[in-house]
Amino acid sequence: MLATASIQFLNELKANNNRDWFLAQKKRYEIYKADYHKLVADFLDAMKPLDPALELLEVKHCTFRINRDIRFSKDKSPYKDHMGLWFSSGAKGANRAGYYVHIAPTGSFVAGGFYQPDADELKKVRKEIAFFYEDLEAIVNEKNFKSIYGKLEKNENNSLKTVPKGYEKDHPAIEFLKLKSFTATHSFEISEATKRDFVAQTSQKLIALKPLIDFVNRALTTDEF
């Protein structure tokens with residue numbers, strides 16, 4: 001669970017996202033950071049028995065710096081006003097699918113899958129779908145997955161309007177093949193993060209994504225054939 005003080009810190013940071021305010025809150029930030037890392041450690045304790053691929057992860061592998069990279073952003077707010085937790089088996093330099101928890105004053109959610117792969121990675125995932133689309137259909141139609149996530153996310157930003165190069169428009173998995181990201185999301189209220197069973201309940205929601213994550217990572221790690 002997350003301390004109420006950490007949520008209050010995020011609320012105030014959202015309203016005062018500037019360097020002067022942040023520097024004046026240094027002691028509060030250190031308390032927030034310790035709570036953040038404790039929450040990640042609790043998730044690792046809960047998730048590792050459910051997904052052995054996460055066994056080697058440490059807290060430092062699953063956290064994000066609070067500073068924003070504003071070099072190419074119109075939004076020049078210097079700090080992230082949310083807490084992100086990322087759990088993935090990918091080694092350093094290796095992009096892999098994984099699990100994500102996003103805690104924010106507005107718009108908290110759990111998610112998982114593979115977000116915005118590069119061209120080579122996308123090619124591998126599409127190839128896996130083309131040959132084994134029935135596996136993916138079974139994953140997204142599984143009762144628990146559907147009850148929590150509904151379906152894979154599809155919108156104008158993560159899906160092609162036309163058929164991807166190299167595939168026929170009548171391919172039985174064409175809607176999957178059009179995707180440019182392979183993710184599923186479930187929203188929750190930030191107040192849930194302060195409940196004692198938050199980690200246990202959220203871990204059960206995350207692990208429903210394991211078959212999807214395994215499918216994608218199989219595509220990324222299988223030798224070309």
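Glutamine 116 sits in the loop between strand 3 (108-114) and helix 4. This is a predicted model.

**Glutamine 116**
- Glutamine 116 is not a glycine, yet its phi is positive, at about 50°.
- Its relative accessibility is 54%, so glutamine 116 counts as exposed. The cut-off for exposed is over 50%.

**Helix 4 against helix 8**
- Helix 4 spans residues 119-140 and helix 8 spans residues 210-221.
- Their axes come within 8 Å and cross at roughly 140°. That angle makes helix 4 oblique to helix 8. Roughly antiparallel would need an angle over 145 degrees.
- The crossing of helix 4 past helix 8 is right-handed.
- Helix 4 brings Glu121, Lys124, Val125, Glu128, Ile129, Phe132, Asp135, Leu136 and Ile139 to the contact.
- Helix 8 meets them with Pro211, Leu212, Phe215, Val216, Arg218, Ala219 and Leu220.
- By class, this contact has 11 nonpolar residues, 5 charged residues and no polar ones.

**Asparagine 17**
- Asparagine 17 is found in the loop between helix 1 (4-15) and helix 2 (19-24).
- Asparagine 17 is buried, because its relative accessible area is 18% and buried means under 20%.
- Leaving out residues up to four places away in sequence, asparagine 17 touches Ser77, Pro78 and Tyr79.

**Threonine 183**
- Threonine 183 lies in strand 4, which covers residues 182-188.
- With a relative accessible area of 10%, threonine 183 is buried.
- Its contacts include Gly112, Gly113, Phe114 and Tyr115. Threonine 183 also touches Leu152 and Glu153. Residues up to four places away in sequence are not counted here.

**Isoleucine 31**
- Isoleucine 31 is part of helix 3 (residues 26-47).
- The relative accessible area of isoleucine 31 is 59%, so this residue is exposed.
- Isoleucine 31 and phenylalanine 9 are 22 residues apart in sequence. In space, their C-alpha atoms are 9.7 Å apart.

**Burial at a glance**
- Asparagine 17 is buried at 18%, and threonine 183 is buried at 10%.
- Isoleucine 31 is exposed at 59%, and glutamine 116 is exposed at 54%.

Key. Residues numbered from 1 in each chain as written. Predicted model: local features only at pLDDT ≥ 70, side-chain atom pairs only at ≥ 80, totals over all residues. Heavy atoms only, no water. Helix = DSSP H or I, 4+ residues; strand = E, 2+ residues; numbered from the N terminus. Buried < 20%, exposed > 50% of the residue type's maximum accessible area, 1.4 Å probe, protein only. Contact = heavy atoms within 4.5 Å. Axes fitted to C-alpha atoms, helices over the stretch in contact; angles between N-to-C directions. Parallel < 35°, antiparallel > 145°, perpendicular 65-115°, else oblique. Left-handed = near helix turned anticlockwise from the far one by under 90°. Nonpolar A, V, L, I, M, F, W, Y, C, P; charged D, E, K, R; others polar.
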